[in-house]
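Here's a quick tour of one chain, taken a region at a time. Have a look at the structure first, then read on.

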Amino acid sequence: MGSSSLIGVLAVHADQVAVSLPASCRASLVEALAVVPDRRDRRGVVHPLAGVLATAVAVVLAGARSAAAVAEWAADAPQPVLAGLGVWRDPLTGRHRAPDESTFRRILAGVDADALDDTVGRWIIASQAAADNHRRVYSVDGKTLRGSGPAGGQVHLLAVLDQHTGAVLGQVDVDGKTNELTRFRPLLEPLDLAGVIVTADALHTHREHAHWLADDKKAAYVFTVKKNQPRLYRQLKAIPWAKIPVQDETGNRGHGRYDIRRLQVVTCTGTLALDFPHAVQALRIRRRRLNLSTGRWSTVTVYAITNLTVAQVGPADLADALRGHWAIEILHHIRDTTYAEDASRIRTGNAPRVMATLRNTAISLLRLAGITTIAKALRRNSRNPYRPLQLLGIT
């Protein structure tokens, strides 16, 4: 089916299709996936790699959790949908034939996962709306795929997410011979970080990361500090916080609790200078939480540092950046609860990581389309096979 016919079909179903990507999207994901190298032996190859991968993304956008579910959805998809996804067309019958389950399994296990993550990340970045006057804030965090193997042999991935859009911009693996620290730079290296704030948990509060971000990438950082940096932690704890006013306070209620967060910020020069590269401000966040069912209060204190000066960023923006770091935790929560990622027993080759990439991509596409309730959106997409196409930029 030609592109004009596909557009006509989508027009017929326009009242049933969800929302589409921003107009800034440069190309459909099917076109973008064409650059992923095909490592299969060319002899006997029937299904184009880009079409198989795009179909897998479309099915995950409909809530699929396994290769079997991907194949079943593809087998039932109408011909215009398969055509839009770039599925192989039988030259004898003229019909598009969906790949079977074994084909999906082989491709998910054997595809170049690094190239796939890089390709999808670049396409997501190109699909984002132009930045407004606010600084971009990127969050870095890792996740273990607990169903991907026995203890000690599980796949662990490190990802970076744009707090403003909720889109995943990149992902790398962390194999058993290394750790997240060594994968921090490879994850962020391809990104333009000039003027971006990078947030990370205490694991990544390392001098080398701070030097690289500030000196090489011209980026800012907001790092939390715990006792893995004992000297720095003692310095922060010793600051006379009782004399420093609260500069930002927020409260929210939900999930059976009431939270109050108070932020204090102080410029650290002279006698307060911190023993950490480029750090010029220290932050203390005190979170008081009321358990509405028990009536009991609890208090948690978190320290953080940044290379941003008071002239560059205000207390409220720093509080937003720290609180916004939970966006990447929410991503992991969605993958666990909505997609049952940790219960998945896909273990062959690169398949566990590739499935995580497909989930990241689906969630990112929904976030870019302004959707906040992911589970509801997946159920809606599952009822109409045309809906994922617009999210993939096929219009």
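## Starting in a loop

Let's begin with His96, which sits in the loop between α5 (79-84) and α6 (101-110); helices here are DSSP runs of H or I with at least four residues, strands are runs of E with at least two, and both are numbered from the N terminus. His96 has 12% relative accessibility and so counts as buried. Buried means under 20% relative accessible area, exposed means over 50%, and partly exposed is in between (1.4 Å probe, protein chains only). From His96 to Lys237 you cover 141 residues in sequence and 65 Å in space, C-alpha to C-alpha.

A word on the ground rules: this is a predicted model, where local features need pLDDT of at least 70 and side-chain atom pairs count only at pLDDT 80 or more, while totals for chains, interfaces and linings use all residues. Residues are numbered from 1 along each chain as its sequence is written, and side-chain values use heavy atoms, with hydrogens and water left out.

Helix α7 (residues 113-127) has 15 residues and spans 21 Å from first C-alpha to last, close to the 21 Å expected at 1.5 Å a residue. That expected span is 1.5 Å times one less than the number of residues.

How many of α7's residues are buried? The count is 11 of 15, leaving the helix mostly covered. Among the buried ones are Leu116, Val120, Trp123 and Ile124, along with Asp117 and Thr119.

## Parallel strands around β4

Strand β4 (residues 197-200) points Ile197 and Thr199 one way and Val198 and Ala200 the other, and all are buried. β4 runs parallel to β1 (residues 137-145), joined by 4 bridges; strands pair if DSSP finds at least two bridges between them. Val137 has Ile197 of β4 as its bridge partner.

Another 4 bridges join β4 to β5 (residues 220-225), again in parallel, and here Ala200 is partnered by Phe223.

Now for β7 (residues 257-267), which pairs with β8 in the antiparallel sense over 11 bridges. Arg262 stands opposite Arg286 in β8. β8 and β9 are also antiparallel, over 11 bridges, with Leu290 opposite Trp297 in β9. Their hairpin has 4 residues between the strands, and Gly295 takes a positive phi near 75° there.

Leu292 is in the loop between β8 (281-291) and β9 (296-306), and is partly exposed at 37% relative accessible area.

## Two positive phi values

Which way does phi usually go? Most residues other than glycine have a negative phi. His278, in the loop between β7 and β8, has a positive phi of about 70° although it is not a glycine. His278 is partly exposed, at 34% relative accessibility.

Ala340 is not a glycine either, yet has a positive phi of about 50°. Ala340 lies between α12 (326-337) and α13 (351-368), in the loop, and is buried at 18% relative accessible area.
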